[in-house]
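Here is a friendly walk through one protein model, arranged by region. Please keep the viewer open as you read.

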Amino acid sequence: MKISFPTKVAIGSFIIAGIGIFIISFLSYSLMVEYFKSNILDNLHFELMQDAKKIKEDLDRVRYDEQLIVNDDNIKAYYRAYNNKYHYDAKTNMTLNDIEQNLEKSFLSLLSHNSAYFNVRLIHNDGQELLVVVKSNEGDVYTKTKKELQDKSKRQYFKAAVKLKPNQIFISEINLNREHGQIETPHIPTIRVATPIYFNKKLFAVLIINANIYSLFSPLKELHDPNKQIYLANQDGYYLYHPDTRKTFGFDLNHPYKIGDDFDLNKDKYFKNDYAFAYTKIYLQPNQFVILALTITDKFLLQQSKEYQKQLSLYMILISLIIALILLLFVRYLISPLLTLTKKAKIIASSSDTDNISFENIETDDEIGELSKSLHIMLQKLQKSKKEVEKKVQERTEELNQLNENLEKIVAEKTKENITQLDLLQQQSKLASMGEMIGAIAHQWRQPLNELSIAIQNLKYDYEDGLVDEKYVDKFIESSKKIILFMSTTIDNFRNFYRTDKTKEDFDVKEAIETTVFLQQAQLHNNNIDIEIKGESFFVKSYKNEFQQVILNLINNAKDALLEQKIKNAKIIIEIKDKTVTIKDNAGGIPIDILDRIFEPYFTTKEEGKGTGIGLYMSKIIIEKNIKAKLSVQNSENGAEFRIDFNEN
């Protein structure tokens with residue numbers, strides 16, 4: 001179906017207007033969402049601060065209750081009677097037992113009227129409990145017998161409390177309550193508020209109130225909104241309160257749940273996906289705090305967003321349609337001359353003979369008039385350029401025919417030149433490695449020559465001492481033969497290593513590597529470099545000498561790197577596994593910025609005169625072009641790792 005230009009403009013305008021309105025609406029929507037998010041976060045943070053304030057007030061009430069007991073006359077009377085040798089208080093005319101009963105009633109009353117308190121204890125300054133009143137899980141309040149009283153001198157909260165000055169209060173860390181060293185069940189999340197009792201500037205006892213934080217902290221009891229959750233954690237991040245009770249008190253119950261695993265504590269408030277989060281620290285003491293956090297779901301935000309989206313979508317469609325209709329009428333009026341030019345342009349485009357086309361200009365003082373003049377000029381130039389193009393095509397055709405005749409000759413010459421250059425590089429690489437090998441042979445021969453020289457020298461001395469007999473001579477000859485055989489084997493290996501024949505053969509990869517390492521062994525040992533060959537061998541059919549040349553290059557590279565870096569405990573490991581040979585060193589690896597370049601020709605990191613930069617290049621050519629395997633490099637944990645993979649062939 002053909003669509004007219006004005007209609008296309010209208011459709012395009014509708015789309016453009018729609019996109020523009022959509023972008024504006026999207027930005028407006030985004031701002032609205034951000035506003036709601038910010039508002040939700042502010043409200044959540046305000047509520048969090050109110051909850052933190054309530055927890056501090058809850059703790060202040062415990063402090064107040066504790067001070068009431070400490071300042072009670074019964075405590076003073078108890079002190080006087082306790083220190084009297086007859087356990088009698090003359091001021092109140094009461095015995096220690098009577099005073100203790102009055103104090104017990106005060107403790108019982110305190111526990112009965114405070115649902116969060118479950119234990120009040122008076123502990124002597126030596127750590128022995130004097131009076132303990134307990135509230136059971138069923139709500140029964142009773143006093144422990146003398147036999148049930150315990151020594152608390154080693155408990156952390158007692159040690160901290162006895163160091164306090166008069167009227168100071170210690171608040172313990174929150175943990176699960178223990179009796180006789182065992183965690184009570186059901187679990188009781190406990191906070192202990194302790195204060196010392198002084199008389200005549202001497203510590204007499206410590207008063208401690210144990211409270212269940214789930215009952216003490218009002219925010220934990222009062223949260224009933226299903227869209228909100230409250231969390232409490234200690235300063236190490238372990239949950240003290242969580243909607244899922246299995247995640248609480250990980251430090252006591254040996255499980256790893258922490259608030260930092262669920263929320264980002266680098267921000268005091270934020271919005272993430274489907275919830276808002278805010279947290280604060282509540283300091284119980286100068287160096288001790290708990291973390292209080294609140295979350296709320298995005299249910300309210302989603303409701304507001306959906307309503308806003310519906311209204312916004314309707315406005316977008318209506319405005320876009322109105323803009324498109326107005327533009328359609330306006331464009332139809334403007335482009336009627338352009339339609340005439342379009343028809344003329346079609347005639348020019350479809351005609352093979354432009355010489356016979358007539359053209360009349362449209363005279364208007366705008367861009368359409370300019371377009372008409374330009375189209376007329378273009379027609380004239382088209383007619384002229386047609387002739388020029390025909391002439392140039394003929395000339396280029398003749399040049400192309402001539403180039404085709406010479407192309408085969410040029411390709412052959414370049415191919416021959418590249419082959420010659422590659423042979424030169426390979427010969428240069430072999431000569432470089434041959435120099436390395438001659439040095440290795442020199443090291444291999446040095447020790448046996450020394451042994452032979454010393455043996456000959458000792459022969460003279462032993463002869464003078466009368467030790468030379470037939471048995472001595474036989475032993476001397478046998479020993480010398482072994483040394484000479486070792487030197488001969490070295491030369492044979494060297495000669496075989498550089499055979500010039502280019503025939504494929506089945507060879508044992510591990511045996512070929514061991515032969516190469518044998519030629520390098522003395523030189524490596526002389527430089528305190530250990531070399532180890534591990535793994536099970538396999539056979540391949542290829543060029544054995546060229547493979548050994550590559551192994552030699554890689555070992556020499558590793559040796560040079562280890563010496564350059566002055567590595568202690570220098571080591572080269574050659575591992576053979578799954579048709580793959582891996583050569584690793586512990587020289588620290590290849591810098592990342594040159595790792596991709598080390599196989600380039602003439603690229604070297606060595607000082608001038610110490611490297612040609614063709615060893616690794618030729619190694620890669622030999623492995624991948626001749627042997628049809630793959631040579632690659634990467635940095636391992638301690639150094640460079642070269643890998644020859646025969647699975648790639």
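The report below covers the ground rules, the cores, the helix pairs, the strands and a few backbone details.

## Ground rules

This is a predicted model, in which local features need pLDDT of at least 70 and side-chain atom pairs count only at pLDDT 80 or more, while totals for chains, interfaces and linings use all residues. Residues are numbered from 1 along each chain as its sequence is written, and side-chain values use heavy atoms, with hydrogens and water left out.

Helices (H or I, at least four residues) and strands (E, at least two) are DSSP runs, numbered from the N terminus.

## Two nonpolar cores

A nonpolar core here is a set of buried Ala, Val, Leu, Ile, Met, Phe, Trp, Tyr and Cys residues joined through side-chain atoms within 4.5 Å. Buried means under 20% relative accessible area, exposed over 50%, and partly exposed in between, using a 1.4 Å probe and protein chains only. The largest core has 57 residues, and those with the most contacts inside it are Phe-107, Tyr-117, Leu-122, Ile-191, Leu-216 and Phe-217. Helix H1 (residues 5-70) supplies the largest share of this core, ten residues.

Leaving aside neighbours within four places in sequence, Phe-217 is in contact (heavy atoms within 4.5 Å) with Ile-55, Asp-58, Leu-59, Ile-174, Ile-191 and Leu-232. A second, separate core has 40 residues, including Ala-587, Ile-590, Ile-598 and Leu-616.

## Two helix pairs

For the angles that follow, axes are lines fitted to C-alpha atoms, for helices over the stretch in contact, and angles run from 0 to 180 degrees between N-to-C directions. Angles under 35 degrees count as roughly parallel, over 145 as roughly antiparallel, 65 to 115 as roughly perpendicular, and the rest as oblique. A crossing is left-handed if the near helix is turned anticlockwise from the far one by less than a right angle, and right-handed if clockwise.

Helix H2 (residues 73-83) and helix H3 (residues 96-112) pack at an angle of about 150°, with their axes 9 Å apart. That makes H2 roughly antiparallel to H3, and their crossing is left-handed. Among the residues that meet are Ile-75 and Tyr-78 in H2 and Ile-99 and Leu-103 in H3. In the other pair, the axes of helix H13 (residues 509-526) and helix H14 (residues 544-564) come within 10 Å and cross at roughly 40°. H13 and H14 are therefore oblique to each other, with a right-handed crossing. Their contact includes Ile-513, Val-517 and Leu-524 of H13, and Phe-547, Ile-551 and Ile-555 of H14.

Two strands pair if DSSP finds at least two bridges between them. Five strands form an open sheet of mixed pairing in the order S18-S20-S21-S23-S22. S18 and S22 stand at the edges, each with a single partner strand, so one side of each has no neighbour in the sheet. On average, neighbouring strands are turned by 15° against each other, direction ignored.

Elsewhere, strand S22 (residues 630-635) pairs with strand S23 (residues 640-645) in the antiparallel sense over six bridges. Leu-631 has Ile-644 as its bridge partner in S23, and a hairpin joins S22 to S23 through four residues.

## Strand S4 and its partners

Is strand S4 (residues 129-135) mostly covered or uncovered? It is mostly covered, as seven of its seven residues are buried. Strand S3 (residues 117-124) pairs with S4 in the antiparallel sense over five bridges, with Ile-123 opposite Glu-129 in S4. Their hairpin has four residues between the strands, and Gly-127 there takes a positive phi near 100°.

S4 also runs antiparallel to strand S5 (residues 141-143), joined by three bridges, and Val-134 stands opposite Tyr-142 in S5. The S4 and S5 hairpin has five residues between the strands, and Gly-139 in the turn has a positive phi of about 95°.

## Backbone details

A cis peptide bond joins Thr-185 and Pro-186, with omega about -5°. Pro-186 is found in the loop between strand S9 (182-183) and strand S10 (189-199).

Asn-528, in the loop between H13 and strand S18 (530-535), is a residue other than glycine with a positive phi, near 60°. Asn-528 is exposed, with a relative accessible area of 63%. Asp-578, in the loop between strand S20 (571-577) and strand S21 (580-585), has a positive phi of about 50° although it is not a glycine. Asp-578 counts as exposed at 59% relative accessibility.
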